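Please read them with the structure open.

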Amino acid sequence: MRALPEWLTDNRDTAALAAMLSPASSRSLETLAAESRAITLRRFGRTMALYAPLYLSNYCSSGCIYCGFASDRQTPRHRLEPDEIRRELAAMKKIGISDILLLTGERTVAADFDYLQRSVAIAAEEMPRVSVEAFPMSVSEYRALADCGCTGITIYQETYNSERYEALHRWGPKKDFIDRIETPERALDGGIKSVGLGILLGLSDPVEDTLSLYRHVRHLGRTWWRAGLSVSFPRMRPQTGGYEPPFPVDDHLLARIIFAFRIALPDTELVLSTRESATFRDGMAGLGITRMSVESKTTVGGYSVSDSKNSREKRDEGQFEISDNRTAREFCAALRNQNIEPVFKNWEPSYNGPSARINYEREVDRSASTITPETETCH
Amino acid sequence: MDVLKLGSYTFSSRLILGTGKFSNSTVMLDAVRASGAQLVTVALRRFNRQQAEDDLFGPLSTIEGITLMPNTSGASTAAEAVRAAHIARELSGSPFIKVEIHPNPQHLMPDPIETFEAARILAKEGFLVMPYIAADPVLAKRLEEIGCASVMPLGSAIGSGQGLATSEMLNIIIRESTIPVIVDAGLRSPSEAAHAMEMGCEAVLVNSAVAAAGHPPEMAEAFAEAVAAGRKAFRAGLMEKSGFAVATSPLTFLGTF
């Protein structure tokens, strides 16, 4: 394996966060919550940005021990064809969704880059904001996705402990720890505007992983200063493989991690998905979390199946079990009860396209009369 | 009459309100009404034609007597902001555009180079350009030269509530400007707004301080009163500040002179 990146052990500005995360911390959860809440209110106001995942395909080439889509699971495999994607998008639009995250497994022949790129182009016709959570790609692939209207990618390292990582990822391309940790950098080099990072809590020492995640955010923020950064704290959920997390994280510790992150990174978007219970999500709204998924389906074709009684029966199992099963309407009502405005559209398609540095390179190319190599087109 | 002049438009209110960050559009509309603002800014990204409940533009257009100033918040380049301005004009019919370009979505600091470029293009196209900028006196003059309707330097970072942290630079900008200077961002309390007006700002723009207040409409009203008081004080002329105490008429022994 290649050497670990230097920033992974950079302790320049982790002391304050480490102190907040320590079980022996002098600051009670209540004081952290109060500070986190005040920062969130000032910076983000009384609003919650909403998005929903759209599972394009559950084919996968990797053997992640904790995942319901790992290639050795008996789950039926399926990928959405263009007309099915359009049906899913229509069903999502009906419930108000305007910000979506397209998901696939690790790269396979069935769901490869071309398939993903075509899917992004279809989605970008319908939705103001399209992000992708798929497999690690090359700079030029990311550039092509940005050209098709993909503004963000989500790529969780799952754990920053390379030994644990090695043990958990049994086979497949995801086994390459370094390749994965460098993926956000390739995406940003390719002109992707924002990157979502995360750890899968339960897999490894949560405090150690949280500190590494923080180092990653700071490293990207310093080096790719235009990058939009968001951070997620998914906890292991029951899934088809039946894997039991060896480092379970309880509600108190998760809350402490979220508050500490908000205080350490006052401007960074913090995400909480429907993996978490309605009670926990409602409780955390306004205290630090600024972005939540809503009415999520983790099955391929989940939205249009529930939308139409005549369509095919639900035939796949999801990547993991959803905990907050409320409809968008119910969830928004709960937010409004807490004086928080659900925001579905918080992006403008006219802001799509590769990020600025890439544009400048193009202009320089043009003015120098060099031939700009055309990357893959969107259709 | 003492009015705020922007292009050929005049406004008796010198408080401009932002419309993001509110808990719902009813509270936002109540705050706008209570503020007496005649100019309000709304982000193009919050225009939602598909879903009325999620849209900020529809509710605002029900209030009589206000002019919308769409903003390009979310744009990270001049090209994106120019595209956004065109769409915003089509949707709102407003000649105003608040050019807001922050390439780093975390700290939301405005990009001077991209902002200048977008402002140059949009001013030429006839927009009333209101650029959101750092408190940079030279940039302010450059934007004035290319025909902006105002300059909108920040008091401190958006949503920070740090008040007039840039006051030294603001003083230079105000002293040298021939177009209205409007402090935008960072204000937390009405007294800070009053202070900005006493310094000679032509208006202030407030959003977080109202939206994140305990009672937004009441806070909006308090800002309106503070802005009016600060303006009145500026026009009345503040007495000179001195570093030492001055006894009343220390030179009376000299007789009339």
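Predicted model: local features only at pLDDT ≥ 70, side-chain atom pairs only at ≥ 80, totals over all residues.

Two residues are in contact here if their C-beta atoms, placed from the backbone, lie within 7 Å.

1. For the complex, the predictor reports an ipTM of 0.78 and a pTM of 0.87. Chain A has an average pLDDT of 89, with 91% of its residues scoring at least 70. Chain B has a mean pLDDT of 92, and 96% of its residues reach 70 or more.

2. Range of confidence in chain B. Which elements mark the two ends? Confidence in chain B is lowest in helix α2 (residues 57-60), with a mean of 84. Confidence is highest in strand β7 (residues 128-133) of chain B, at 98.

3. Chain A as a whole. Chain A has 14 helices and nine strands. Its C-alpha trace spans about 60 × 55 × 40 Å along the principal axes. A compact globule of 379 residues would have a radius of gyration near 21 Å; chain A has 20 Å, so the two agree.

4. Chain B as a whole. Chain B has nine helices and 10 strands. Taken along the principal axes, its C-alpha atoms fill a box of roughly 80 × 40 × 35 Å. For 257 residues, a compact globule would have a radius of gyration near 18 Å; the value for chain B is 19 Å, which agrees.

5. The interface. How many residues does the contact take from each chain? Chain A gives 32 residues and chain B gives 32 residues. On the side of chain A that touches chain B, at least two residues come from each of α2 (29-44), β6 (228-232), β9 (341-343) and α14 (356-367) of chain A. The largest share of that side comes from α2(A), with three residues. By class, the side of chain A that touches chain B has nine nonpolar, 13 polar and 10 charged residues.

6. α2(A) against α10(A). Helix α2(A) also packs within its own chain, on helix α10 (residues 251-264) of chain A. The angle is about 45 degrees and the axes lie 9 Å apart. α2(A) and α10(A) are therefore oblique to each other. Their crossing is left-handed. From α2(A), the contact uses Leu29(A), Leu32(A), Ala33(A), Glu35(A), Ser36(A), Ile39(A) and Thr40(A). From α10(A), these meet His252(A), Ala255(A), Arg256(A), Phe259(A), Ala260(A), Arg262(A) and Ile263(A). The residues of this contact are eight nonpolar, three polar and three charged.

7. α1(B) against α9(B). Helix α1 (residues 25-35) and helix α9 (residues 216-236) of chain B pack at an angle of about 25 degrees, with their axes 8 Å apart. Why are they called roughly parallel? Angles under 35 degrees count as roughly parallel, so α1(B) and α9(B) fall in that class. α1(B) passes α9(B) in a right-handed crossing. On the α1(B) side, the contact is made by Val27(B), Asp30(B), Ala31(B), Ala34(B) and Ser35(B). On the α9(B) side, it is made by Pro216(B), Pro217(B), Ala220(B), Glu221(B), Phe223(B) and Ala224(B). These residues divide into eight nonpolar, one polar and two charged.

8. α3(B) against α4(B). Helix α3 (residues 78-92) and helix α4 (residues 112-124) of chain B pack at about 35 degrees, and their axes are 8 Å apart. The crossing of α3(B) and α4(B) is right-handed. Ala78(B), Ala81(B), Val82(B) and Ala85(B) of α3(B) meet Glu114(B), Glu117(B), Ala118(B), Ile121(B) and Leu122(B) of α4(B). The contact of α3(B) with α4(B) has seven nonpolar residues, no polar ones and two charged.

Key: Residues numbered from 1 in each chain as written. Chains lettered and ligands numbered in written order. pLDDT = per-residue confidence, 0-100. Helix = DSSP H or I, 4+ residues; strand = E, 2+ residues; numbered from the N terminus. Nonpolar A, V, L, I, M, F, W, Y, C, P; charged D, E, K, R; others polar. Axes fitted to C-alpha atoms, helices over the stretch in contact; angles between N-to-C directions. Parallel < 35°, antiparallel > 145°, perpendicular 65-115°, else oblique. Left-handed = near helix turned anticlockwise from the far one by under 90°. Rg over C-alpha atoms; globule rule 2.2 N^0.38 Å.
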